[in-house]
Amino acid sequence: SYKSLNDGTAKTIKIRQGSNLTTVNWPTSIKWESGVSLIPTSIDNALDLVTMVYDGTDYYASFGKNFT
(Lines give C-alpha, C1' and ligand atoms only; values in the text may rest on other atoms or scores of the structure.)
Protein backbone atom coordinates (compact mmCIF):
# COMPACT_ATOMS: atom_id res chain seq x y z
CA SER A 1 0.00 0.00 0.00
CA TYR A 2 1.01 3.62 -0.53
CA LYS A 3 1.49 5.90 2.47
CA SER A 4 2.12 9.64 2.56
CA LEU A 5 5.65 10.85 3.21
CA ASN A 6 6.65 13.71 5.48
CA ASP A 7 7.84 16.95 3.88
CA GLY A 8 11.43 16.60 2.62
CA THR A 9 11.63 12.83 2.99
CA ALA A 10 12.44 10.14 0.45
CA LYS A 11 11.39 6.51 0.26
CA THR A 12 12.45 3.61 -1.93
CA ILE A 13 9.82 0.98 -2.75
CA LYS A 14 10.89 -2.52 -3.77
CA ILE A 15 8.54 -4.44 -6.10
CA ARG A 16 9.38 -8.13 -6.51
CA GLN A 17 7.31 -10.10 -9.04
CA GLY A 18 6.02 -13.52 -8.13
CA SER A 19 4.59 -16.22 -10.34
CA ASN A 20 1.33 -14.20 -10.44
CA LEU A 21 2.33 -10.92 -12.07
CA THR A 22 1.65 -7.74 -10.09
CA THR A 23 0.21 -4.48 -11.39
CA VAL A 24 0.41 -1.17 -9.52
CA ASN A 25 -2.13 1.66 -9.52
CA TRP A 26 -0.08 4.76 -8.74
CA PRO A 27 -1.73 7.89 -7.29
CA THR A 28 -2.09 10.65 -9.87
CA SER A 29 -0.33 13.07 -7.50
CA ILE A 30 3.08 11.55 -8.35
CA LYS A 31 5.25 13.46 -10.84
CA TRP A 32 7.36 10.91 -12.70
CA GLU A 33 10.77 11.46 -14.26
CA SER A 34 10.19 12.13 -17.99
CA GLY A 35 6.41 11.89 -17.32
CA VAL A 36 6.38 8.07 -17.46
CA SER A 37 5.22 5.93 -14.51
CA LEU A 38 6.63 2.52 -13.67
CA ILE A 39 4.97 -0.49 -15.25
CA PRO A 40 6.45 -3.40 -13.28
CA THR A 41 8.70 -5.84 -15.14
CA SER A 42 6.55 -8.80 -16.23
CA ILE A 43 9.09 -11.54 -15.49
CA ASP A 44 8.85 -13.97 -12.56
CA ASN A 45 11.22 -12.92 -9.74
CA ALA A 46 11.99 -9.51 -11.34
CA LEU A 47 12.94 -6.71 -8.96
CA ASP A 48 11.98 -3.07 -9.68
CA LEU A 49 12.85 -0.10 -7.44
CA VAL A 50 10.95 3.20 -7.17
CA THR A 51 12.36 6.18 -5.28
CA MET A 52 10.03 9.02 -4.25
CA VAL A 53 10.74 12.41 -2.71
CA TYR A 54 8.02 14.60 -1.19
CA ASP A 55 8.51 18.38 -1.01
CA GLY A 56 5.41 19.16 1.04
CA THR A 57 3.22 19.60 -2.03
CA ASP A 58 4.26 17.14 -4.73
CA TYR A 59 5.73 13.66 -4.98
CA TYR A 60 8.62 13.17 -7.43
CA ALA A 61 9.52 9.63 -8.50
CA SER A 62 12.06 7.76 -10.60
CA PHE A 63 12.63 4.04 -11.04
CA GLY A 64 14.99 1.26 -12.07
CA LYS A 65 13.73 -1.98 -13.59
CA ASN A 66 14.63 -5.64 -13.68
CA PHE A 67 17.50 -5.80 -11.19
CA THR A 68 19.06 -9.27 -11.08
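Two strands are said to pair if DSSP finds at least two bridges between them. Strands (E, at least two residues) and helices (H or I, at least four) are DSSP runs, numbered from the N terminus. With these terms, the tour may begin.

The model is a predicted one, in which local features need pLDDT of at least 70 and side-chain atom pairs count only at pLDDT 80 or more, while totals for chains, interfaces and linings use all residues. Residues are numbered from 1 along each chain as its sequence is written, and side-chain values use heavy atoms, with hydrogens and water left out.

**The whole chain.** The C-alpha trace spans about 35 × 20 × 20 Å along its principal axes. Of contacts (heavy atoms within 4.5 Å) between residues at least 6 apart in sequence, 61% join residues at least 24 apart.

**Strands β3 and β4.** Select residues 47–54, which form β3, and then residues 59–67, which form β4. These two strands run antiparallel and are joined by 7 bridges. Within this pairing, M52 stands opposite A61 in β4. Their hairpin has 4 residues between the strands, and there G56 takes a positive phi near 100 degrees.

**Strand β2 beside β4.** Next select residues 30–32, which are β2. Here β2 and β4 run parallel, with 3 bridges joining them. Keep A61 highlighted: W32 stands opposite A61 in β4.

**I15 in β1.** Move to strand β1, residues 10–16, where I15 lies. Is I15 buried or exposed? Because its relative accessibility is 9%, I15 counts as buried; the term buried means under 20% relative accessible area, exposed over 50% and partly exposed in between, with a 1.4 Å probe and protein chains only. Not counting residues up to four places away in sequence, I15 touches V24, W26, L38, A46, L47, D48 and V50. Draw a C-alpha to C-alpha distance from I15 to D48: the two are 5.1 Å apart in space, although 33 residues apart in sequence.

**T41 in a loop.** Finally, select T41, in the loop between β2 and β3. T41 also counts as buried, because its relative accessibility is 7%. Its contacts, leaving aside neighbours within four places in sequence, are Q17, A46, D48, K65 and N66.

Across the 68 residues of the protein chain, 28% are buried.
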